[in-house]
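Work through the exercises below with the sequence and the coordinates open. Try each task before reading its solution.

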Amino acid sequence: MASLLALLILFVLPMLYIFFSTIGTDGLTYYEKFLTDSFYVNILWTTVRVSLKTTFFSLLLGYPAAFYLARAKSKLKNVLMIMTVFPFLVSAVVRSYGWMVILGKNGLLNQQLLGIGLINKPLTILYTETAVVIGLVHLLTPYMILNVASVIQGIDRNVEYAAYSLGANPILTFFKVVFPLSAPGVISGCILVFTLSMTGYVTPKLL
């Protein structure tokens with residue numbers, strides 16, 4: 001109840017205040033322009049597309065890591081938790097510049113690929129949508145891991161043992177028991193990553 005009240009006061013009410021203030025001043029003029037002008041619509045679609053890709057790859061990479069983190073033994077779990085949280089100590093600007101060094105035409109990635117003969121000329125990755133997705137996935141995957149791991153950790157292992165006793169193999173148990181029970185963490189993680197991707201500025205600007 002307290003969290004809902006805080007969300008209402010700190011997020012919903014300010015948004016409603018801004019919305020009704022703009023309507024009272026200029027009506028729906030700027031909203032109509034934003035939704036009908038091809039320039040703004042293209043920006044909106046690009047933002048949504050990049051955010052969906054970021055969310056998908058963050059889930060694809062983050063779920064196995066979260067599962068392993070949740071099921072690891074206590075000592076190893078502490079180390080893995082530190083490794084997951086550690087990237088938060090480095091700013092998004094520094095991490096973006098790091099990817100610029102890696103993905104540039106003369107960057108580490110192209111040098112390695114050219115060195116082993118997989119490509120004949122440098123790949124153009126930096127300053128593309130692909131580079132933005134890579135940077136955002138690296139930036140936001142820890143949020144997905146922490147959300148999913150906290151839910152998986154709370155799943156009673158006896159439920160899985162019951163599935164095994166009824167003849168289910170590990171793969172079937174995962175898809176029929178573990179994954180459905182971890183859905184709240186997956187949903188909250190996806191919402192968080194998608195929202196942060198939609199509002200990201202520094203990483204898309206640099207990459």
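The exercises concern a predicted model, and each task is followed by a worked solution.

**Exercise 1. Length of helix H3**

Task: Check whether the distance between the end C-alpha atoms of helix H3 (residues 38–71) agrees with its number of residues.

Solution: Start with the count, which is 34 residues. The expected span is 1.5 Å times one less than the number of residues, so H3 should span 50 Å. Then take the distance between the end C-alpha atoms, which is 49 Å. The two values agree.

Next, look along the helix for a bend. H3 has a kink of about 30 degrees at Gly 62.

Finally, inspect the N-terminal end. Asp 37 caps H3 there, with a side-chain oxygen 2.8 Å from the backbone nitrogen of Phe 39.

**Exercise 2. The buried residues of H3**

Task: Which residues of H3 are buried, and which helices do they pack against?

Solution: The cut-off for buried is under 20% relative accessible area. In H3 the buried residues are Val 50, Ser 51, Thr 54, Thr 55, Ser 58, Gly 62, Tyr 63, Ala 66, Leu 69 and Ala 70. For the spacing in such a list, recall that an α-helix has 3.6 residues a turn, so residues three or four places apart point the same way.

Now find the partners. The buried residues of H3 pack against helices H4 (74–85), H7 (129–153), H9 (170–181) and H10 (183–198).

**Exercise 3. H3 against H4**

Task: Describe how H3 and H4 pack, giving the distance and angle between their axes.

Solution: Two packed helices are described by the angle between their axes and the distance between the axes. The axes of H3 and H4 cross at roughly 145 degrees and come within 8 Å. On the H3 side, the contact is made by Tyr 68, Leu 69 and Ala 70. H4 contributes Leu 76, Lys 77, Leu 80, Met 81 and Thr 84. By class, the contact residues are six nonpolar, one polar and one charged.

**Exercise 4. Two serines**

Task: Are Ser 182 and Ser 96 buried or exposed, and what does each side chain reach?

Solution: Ser 182 lies in the loop between H9 and H10. Its relative accessible area is 0%, so Ser 182 is buried. A polar atom of its side chain lies 2.9 Å from the backbone oxygen of Phe 179. Beyond four places in sequence, Ser 182 touches Tyr 63, Val 151, Ile 152 and Ile 155.

Ser 96 is in helix H5 (residues 92–103). At 2% relative accessibility, Ser 96 is also buried. The side chain of Ser 96 reaches the backbone oxygen of Ala 92 at 2.8 Å. Its contacts outside four places in sequence are Thr 203, Leu 206 and Leu 207.

**Exercise 5. A backbone angle**

Solution: Most residues other than glycine have a negative phi. Phi of Tyr 127 is positive, near 65 degrees. Tyr 127 is in the loop between helix H6 (108–115) and H7, and is exposed at 58% relative accessible area.

Methods
Residues numbered from 1 in each chain as written. Predicted model: local features only at pLDDT ≥ 70, side-chain atom pairs only at ≥ 80, totals over all residues. Heavy atoms only, no water. Helix = DSSP H or I, 4+ residues; strand = E, 2+ residues; numbered from the N terminus. Bend = angle between axes of the 7 residues up to and from the residue. Buried < 20%, exposed > 50% of the residue type's maximum accessible area, 1.4 Å probe, protein only. Contact = heavy atoms within 4.5 Å. Polar contact = N/O pair within 3.5 Å; in protein donor to acceptor, adjacent residues only side chain to side chain. Axes fitted to C-alpha atoms, helices over the stretch in contact; angles between N-to-C directions. Nonpolar A, V, L, I, M, F, W, Y, C, P; charged D, E, K, R; others polar.
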